[in-house]
Amino acid sequence: MTESFSGDRIILRDLGFYGYHGVFAEEARLGQRFFIDLEIGLDLSVPARTDRLSTGTSYGDVYDVVKQTFEGERTKLLEALGQNIVDALFAAFPTVDWVIIRIRKPEAPIAMVRGEAAVELHRQRT
């Protein structure tokens, strides 16, 4: 990880969804499982000092944005899905400075005996 992606963060791991993203017609018709790992960088010093949810960012609200975006526009590529989620997070949470998102596709239509296909995007607010 680079210096740009240091400091305070909210981390959500193994968010599970069922969706219809993918290049192949079978993926659009049958769907499959996806898992998302997410880190968002923002200053958490105020909620850490005040112990008030109203001064911070709710993990539940972050999840809701990820879920709504995931279930929205179907994409062919995991990269496009990831970028859509990043864009939605930046739009919803002005205090977020950066996002690291990993989208995992355990049943990718490739000949794997075990494992998963995944992409990881690192994005900073511009």
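The legends below go through several close-up views of this predicted model.

**Figure 1. The whole chain comes first, as a predicted model.** Residues are numbered from 1 along each chain as its sequence is written, and side-chain values use heavy atoms, with hydrogens and water left out. As this is a prediction, local features need pLDDT of at least 70 and side-chain atom pairs count only at pLDDT 80 or more, while totals for chains, interfaces and linings use all residues. The protein has four helices and four strands, and from the N terminus they run β-α-β-α-α-α-β-β. Helices (H or I, at least four residues) and strands (E, at least two) are DSSP runs, numbered from the N terminus. The C-alpha trace spans about 50 × 30 × 25 Å along its principal axes. Of the 126 residues, 39% count as buried; buried means under 20% relative accessible area, exposed over 50%, and partly exposed in between (1.4 Å probe, protein chains only). Take the contacts with a separation of 6 or more: residues 24 or more positions apart account for 64% of them. Contact here means heavy atoms within 4.5 Å.

**Figure 2. Strand β3 sits between pairing partners β2 and β4.** Seven of its eight residues are buried, so the strand is largely enclosed by the rest of the structure. β3 pairs with β2 in the antiparallel sense over seven bridges; two strands pair if DSSP finds at least two bridges between them. Look for Leu-38, which stands opposite Ile-101 in β3. With β4 (residues 117-124), β3 again runs antiparallel, this time joined by eight bridges. Arg-102 has Glu-120 in β4 as its bridge partner.

**Figure 3. Phe-5 and Trp-98 meet edge-to-face.** The whole structure holds five aromatic pairs. Rings of Phe, Tyr and Trp (its six-membered ring) pair if their centres lie within 6.5 Å; planes under 30 degrees apart count as stacked, over 60 as edge-to-face and the rest as tilted. Here the ring centres are 5.4 Å apart and the planes stand at 75°, so the pair is edge-to-face.

**Figure 4. Phe-34 and Phe-70 join strand β2 to helix α3.** Their rings are also edge-to-face, at 5.3 Å centre to centre with 70° between the planes. Phe-34 belongs to β2 (residues 32-41) and Phe-70 to α3 (residues 59-70), and 36 residues separate them. Phe-34 and Phe-70 are both buried.

**Figure 5. Helix α3 has its buried residues on one face.** This helix has 12 residues and reaches 16 Å from its first C-alpha to its last, close to the 16 Å expected at 1.5 Å a residue; the expected span is 1.5 Å times one less than the number of residues. Its buried residues are Val-62, Val-65, Val-66, Thr-69 and Phe-70. Seen down the axis of α3, they fall within an arc of 130°, so they line one face of the helix. That arc is taken from the directions from the helix axis to the C-beta atoms. An α-helix has 3.6 residues a turn, so residues three or four places apart point the same way. What covers the buried residues of α3 includes β1, β2 and α4 (78-92).

**Figure 6. Arg-104 has salt bridges to Asp-37 and Glu-116.** The whole structure has nine salt bridges, each being a side-chain nitrogen of Lys or Arg within 4 Å of a carboxyl oxygen of Asp or Glu. Arg-104 and Asp-37 meet at 3.2 Å, N to O. Arg-104 lies in β3 and Asp-37 in β2, so this pair ties together parts that are 67 residues apart in sequence. Arg-104 is buried, with a relative accessible area of 11%, and Asp-37 is buried at 7%. The salt bridge from Arg-104 to Glu-116 comes in at 3.5 Å, N to O. Glu-116, in the loop between β3 and β4, is 12 residues from Arg-104 in sequence and is partly exposed at 36%. Salt bridges that share partners join Asp-14, Asp-37, Arg-102, Arg-104, Glu-116 and Glu-120 into one network.

**Figure 7. Glu-39 and Arg-13 form a salt bridge.** Their N to O distance is 3.4 Å. Glu-39 sits in β2 and Arg-13 in β1, 26 residues apart. Glu-39 is buried at 12% relative accessible area, whereas Arg-13 is partly exposed at 48%.
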